[in-house]
Amino acid sequence: MAVSIKSKAEIELMREAGRILALTHAELAKQVKPGMSTLEVDRIGEEIIRSYGCIPSFLNYNGYPASICVSINEEVVHGIPNKDRIIQEDDIVSLDAGVIYKGYHSDAARTLIMPAVKDEVKKLVEVTKQSFFEGIKQAVPGNHIADIGRAVQNYAESFGYSVVRDLVGHGVGANLHEEPEVPNFAGLRRGMKLRPGMTIAVEPMINMGVYDVYWEDDDWTVVTADGLPSAHYENTILITEGEPEILSQAPGITL
């Protein structure tokens, strides 16, 4: 398994890619509101990314037709923006996006809470976000990939939620998807040992109900099998000599 260990120069490019992506998510969080179509969300997101001189990572990636994946409620990931899909007052809206800066990618996702979302669904979003932070506590040299997933899973399941098994995190760098795979659950194998210079996308996808999902007829949109809500939270991180560094962040932004 070939895993890319990034040079200092490559890490600097990925930091800038991540900063721009964090600013993109922050601006989207301000603008996305009920009554807006998911196609409008995509248009705004692409404009923001290009305004920084970057290229959307997702646009035309393996045929995906948009720049921002917009997934609502029971849609787990990869929702295709549509002019007829209108965001409602009680929706949660997961936005997954990536940017390419000087040939290097950053990948991050956030789940936004619209004004009338029920408290139990808000809780799902909060737990999903915190499960990411529980996971990256284990993202230190000498630990294994599975240690991250185990921490995510243990935290999410302690609230009675389930962790999607059919989709996982991944390495990221000069390519949007690189080795290694980064599951959000503990498998039978420990996975590779974490080393400084590795850059990975850790992305818990947590369901309120069962972990089973299926792909809709568009071959992209993944939805929960039981129709209950799902939340998504993701950042690109760097394995360092000590604590991991979140690359997809910007000063003053806590989203």
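**Close-up views of a predicted model**

**View 1. R19 and E16 lie three residues apart, about one turn, in helix α1.** Helices (H or I, at least four residues) and strands (E, at least two) are DSSP runs, numbered from the N terminus. The model is predicted, so local features need pLDDT of at least 70 and side-chain atom pairs count only at pLDDT 80 or more, while totals for chains, interfaces and linings use all residues. Residues are numbered from 1 along each chain as its sequence is written, and side-chain values use heavy atoms, with hydrogens and water left out. R19 and E16 form a salt bridge, the closest N and O atoms being 2.8 Å apart; a salt bridge is a side-chain nitrogen of Lys or Arg within 4 Å of a carboxyl oxygen of Asp or Glu. Buried means under 20% relative accessible area, exposed over 50%, and partly exposed in between (1.4 Å probe, protein chains only). R19, at 30%, is partly exposed, and E16 is partly exposed at 22%.

**View 2. A salt bridge links R43 to E47.** Both residues belong to helix α2, four residues apart, about one turn of the helix. R43 has a relative accessible area of 37% and E47 one of 47%.

**View 3. The buried residues of α2 are T38, V41, D42, I44, G45, I48 and I49.** They cover an arc of only 165 degrees around the axis, so they lie on the same side of α2; the arc is that of the directions from the helix axis to the C-beta atoms. These buried residues pack against α1 (8-31), β1 (55-56), β2 (68-72) and β4. G53, with a positive phi near 75 degrees, follows α2.

**View 4. V99 is found in strand β4 (residues 92-101).** V99 is buried, its relative accessible area being 0%. Contact means heavy atoms within 4.5 Å. Leaving aside neighbours within four places in sequence, V99 is in contact with A17, L21, I49, C54, I55, S57, Y104, H105 and S106. The C-alpha atoms of V99 and M114, 15 residues apart along the chain, are separated by 25 Å.

**View 5. D119 forms a salt bridge with K122.** The closest N and O atoms of this pair are 4.0 Å apart. D119 and K122 are three residues apart in helix α3 (residues 119-136), about one helical turn. D119 is exposed at 58% relative accessibility, whereas K122 is partly exposed at 28%. Elsewhere, salt bridges that share partners join E12, R15 and E245 into one network.
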